[in-house]
Amino acid sequence: MGDISCSNGISNGNGVHGKELPLNGYRKSCWYEEEIEENLRWSFALNSILHTGATQYQDIALLDTKPFGKALVIDGKLQSAETDEFIYHESLVHPALLHHSNPRTIFIMGGGEGSTAREILRHKTVEKVIMCDIDEEVVDFCKSYLIVNREAFCDPRLDLIINDARAELESREEAYDVIIGDLADPIEGGPCYKLYTKSFYEFTVKPRLNQGGIFVTQAGPAGIFSHTEVFSCIYNTLRQVFKYVVPYSAHIPSFADTWGWVMASDSPFVLNADELDLRMKHKIKGENRYLDGKTFSSASTLSKAVRNSLDNETHVYTEGTARFIYGHGSAYKNNHG
């Protein structure tokens, strides 16, 4: 789990509580750092730390970054950044809602920052959106600080529920046209990894989908090296439950990697790029900044190496055989010239 602190020196690599080494002729600056792999860190300069805190479930920070604007960090992992969150959220939401012929009822697992709801509510056919997030403090925090989503939070079609997504789905009788997994990454000891398992998909998610319903989930890093962390096994796990499964990916600059999503249904995905564009024109209010038909065709055409890896993946995600993504982050004040 990452920490945020300020100090006059350079971290020795032992985290923010490690010894700080001052330098002569230094320039004071503030940086965010996230450990992506054991020997790889990603850092960028900060204008300021706007807020830090801890809820019952997770640590939270809002940073004003120089390259990416406001950035939301939960448990030391960057969740979204102002300048490029549209890539993630358009990719998560629109392929599933466009492939469905008439999406009226949507259930979001997670999504506390409100951006997923914002994109869903642009669809003219949508009548009801259930957003179920476990952490009320994070939701309230995002309502206060993320101005871009205030309109979505006020939309009468949005029903905000504070609960564990699994418990909420299991307690409900109604079914949905689209269920969206906008959950935190599966991190060891974190609250979300059980919502990536075969049993959850098979016995909780699938029974809550209407005929022709579609499930889509964020699926972690999907880069040429990083896709084997969780992306490939989430894909393979969904293949055990649904007849048609489509993995796709896009580069997210603030994540310093390509990111993955997996869309699944028992009905085939048959729309081509032109048909997707036609549905966007008629069904979505306003223009997408990132996603159109050709972009989705490209996103769902994975590289040879990743395709081969997914085709050969045998791991099925269960509570006893879970995989986790690596990493934590810290923001620290660094003096260097």
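Y248 is buried, at a relative accessible area of 1% (buried means under 20%, exposed over 50%, partly exposed in between, with a 1.4 Å probe and protein chains only). Keep in mind that this is a predicted model, where local features need pLDDT of at least 70, side-chain atom pairs count only at pLDDT 80 or more, and totals for chains, interfaces and linings use all residues. Residues are numbered from 1 along each chain as its sequence is written, and side-chain values use heavy atoms, leaving out hydrogens and water.

**Exercise 1.** Work out how the rings of Y88 and F255 are arranged.

*Solution.* 
- Start with the whole structure: a search finds 14 aromatic pairs (Phe, Tyr or Trp rings, six-membered for Trp, with centres within 6.5 Å; planes under 30 degrees apart are stacked, over 60 edge-to-face, the rest tilted).

**Exercise 2.** Classify the pair Y248 and F296, then say what it ties together.

*Solution.* 
- The ring centres are 5.1 Å apart and the planes sit at 70°, so it's edge-to-face.
- Y248 lies in strand β13 and F296 in helix α9, so the pair ties together parts 48 residues apart in sequence.
- F296 is buried, at 8%.
- Zooming out, Y88, Y248, F255, W259, W261 and F296 form one aromatic cluster.

Methods
Helix = DSSP H or I, 4+ residues; strand = E, 2+ residues; numbered from the N terminus.
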